[in-house]
Amino acid sequence: MSRHLPADDPQRRELHDEVHARPTARIRLPALVVYVGVLNEGVSREDERQHLQQLPGHAGLTAADLAGNFLRLKLGEATLKWERHSEFTRYTLVQALPAQAQLPASDPELLSSLLLDPAWLAGIPGRTVAAVKLVMLHHDLSDPQAALDAARHWFGDRNVVASLTGRGHSMAVTDFQVRDSGFERMLLLAPEGTTETRAGRVSARLMEFETYRLMALRGLPVAKSLGPLLAQAEAELADITARMEAGAAQADEHADQALLDTLVALAARVERATAETQYRFSATQAYGGIVEQRIEELRELPIPGTQTIGEFMRRRLSPAIATVAATERRLRTLAQRIERAGALLRTRVDIATEEQNRQLLAKLTRGQELQLRLQSTVEGLSIAAISYYVVSLVLYFGKAVKAAGVPLNPELAAGLSIPLVLWAVAALTRRIHRRLRA
């Protein structure tokens, strides 16, 4: 490692080598390419390793061999490429094309010529999402129409779509039909002198856009299944807002709370649907973008009398992607509308609660005023009662002094003390109140 640079970021080497992670195959024509793409949900690398170990000469595969998401295995004169992606795994077999499958054959049988055991193919862990048999041949393309007629005959005179790829360098033909074997068929015609690297690149593009097309379409059934839920949710929201409008003139706390509970339940259903479909919808947009990119990379030229592969693909894929995008927007818009309705309803409930609190405070204030008045009345009576007991003590004291021989009229002394006692008790009470308020 060079000492002229700072220490490497821990991910530098991994990210740098990503560009070399899936090198293009080198294919010598004529060739047969058998491609199988399977969903790998619930399928571990260990499951795939154990299946690859069943291939002749590869029983010693280790987990480290499958750590890089790409592996190319030699099977005599053939090669098998394993690629693991986030949602699917691809297996691509490249072998020599049997003589009976070359032009001018018509709808030739291919599976019996495979170098792989059919039981091994059927036992690939996962669920099939794409399966293609691609035949690659040398053919003169100076007359594209004649080449297309030969290709159509090879497909058993079925309806096909075709285009000149690489600005006319080669011709790709397919009928986009799944045969009884579970495979689609594609045919690539290329002139003599086509390099093995170029043949590998074209093969990879054809396989990839078919896989990504089908992966993009996986969002369509999800979008369609959401239709009834969205229609019901929109109807419920319209009913809730109508009831909110009808009840705007007369606030009813219980009715508003019931509406709010209904709205919260509706929001929960919509949020759950969003969480369950967000990844699928985002993946559809991403896969659709890859399909468009791969079609552009084919650099197609049309052949008179037939649709190009890209045109055929866009005519059928674009509406599906548009449907998914529209459903995603509809779901997002519905969630926003529910949020706004909830905010309005919560505002009404808050206003009603504040009004109830104001009325309660007003009642408490009036009660406190009455309590103060009652307290003042009680305090006046308490002053009189305390004064009565004090004057009584003065009277008894005067009687005791008179009994001791002092010439004193107890009743007169008690009567004369009343004003002084009342003043003293009242002054003492006010002083106590001032101390309590301080």
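A residue counts as buried when its relative accessible area is under 20%, as exposed when that value is over 50%, and as partly exposed in between. These classes are applied here to a predicted model. Of the 438 residues of the protein chain, 40% fall in the buried class.

The protein chain contains nine helices and eight strands. Its radius of gyration is 46 Å, whereas the globule rule gives 22 Å for 438 residues; the protein chain is therefore more spread out than a compact globule. Along the principal axes, the C-alpha atoms fill a box of roughly 155 × 60 × 45 Å. When contacts between residues at least 6 apart in sequence are considered, 72% of them join residues at least 24 apart.

Helix α4 spans residues 144-154, and its buried residues are Ala 147, Leu 148, Ala 151 and Trp 154. These four cover an arc of only 115 degrees around the axis, which places them on the same side of α4. Such a pattern can be set beside the geometry of helices in general. An α-helix has 3.6 residues a turn, so residues three or four places apart point the same way. Just after α4, Gly 156 adopts a positive phi of about 80 degrees.

Charged side chains were examined next. Side chains of opposite charge can pair when their charged atoms come close. With a cut-off of 4 Å between a side-chain nitrogen of Lys or Arg and a carboxyl oxygen of Asp or Glu, the count comes to 24 salt bridges.

One of these bridges pairs Arg 26 with Glu 196, whose closest N and O atoms are 3.6 Å apart. Arg 26 lies in the loop between α1 (12-17) and β1 (31-39), and Glu 196 belongs to helix α5 (residues 196-217), so the pair ties together parts that are 170 residues apart in sequence. Arg 26 has a relative accessibility of 58% and is classed as exposed, while Glu 196, at 24%, is partly exposed.

A second bridge joins Glu 87 and Arg 280, with 2.8 Å between the closest N and O atoms. Because Glu 87 lies in the loop between β3 (78-84) and β4 (88-96) and Arg 280 in helix α7 (residues 253-298), this pair ties together parts that are 193 residues apart in sequence. Both partners are buried: Glu 87 has a relative accessibility of 12%, and Arg 280 has one of 11%.

A further bridge is formed by the side chains of Arg 314 and Glu 296, at an N to O distance of 3.0 Å. Arg 314 is located in helix α8 (residues 309-403) and Glu 296 in helix α7, 18 residues apart. The relative accessibility of Arg 314 is 28%, so this residue counts as partly exposed, whereas Glu 296 is exposed, with a relative accessible area of 52%. Salt bridges that share partners also join Lys 81, Glu 83, Arg 90, Arg 205, Glu 208, Arg 294 and Glu 297 into one network.

How values were computed. Residues numbered from 1 in each chain as written. Predicted model: local features only at pLDDT ≥ 70, side-chain atom pairs only at ≥ 80, totals over all residues. Heavy atoms only, no water. Buried < 20%, exposed > 50% of the residue type's maximum accessible area, 1.4 Å probe, protein only. Helix = DSSP H or I, 4+ residues; strand = E, 2+ residues; numbered from the N terminus. Arc of directions from axis to C-beta. Rg over C-alpha atoms; globule rule 2.2 N^0.38 Å. Contact = heavy atoms within 4.5 Å.
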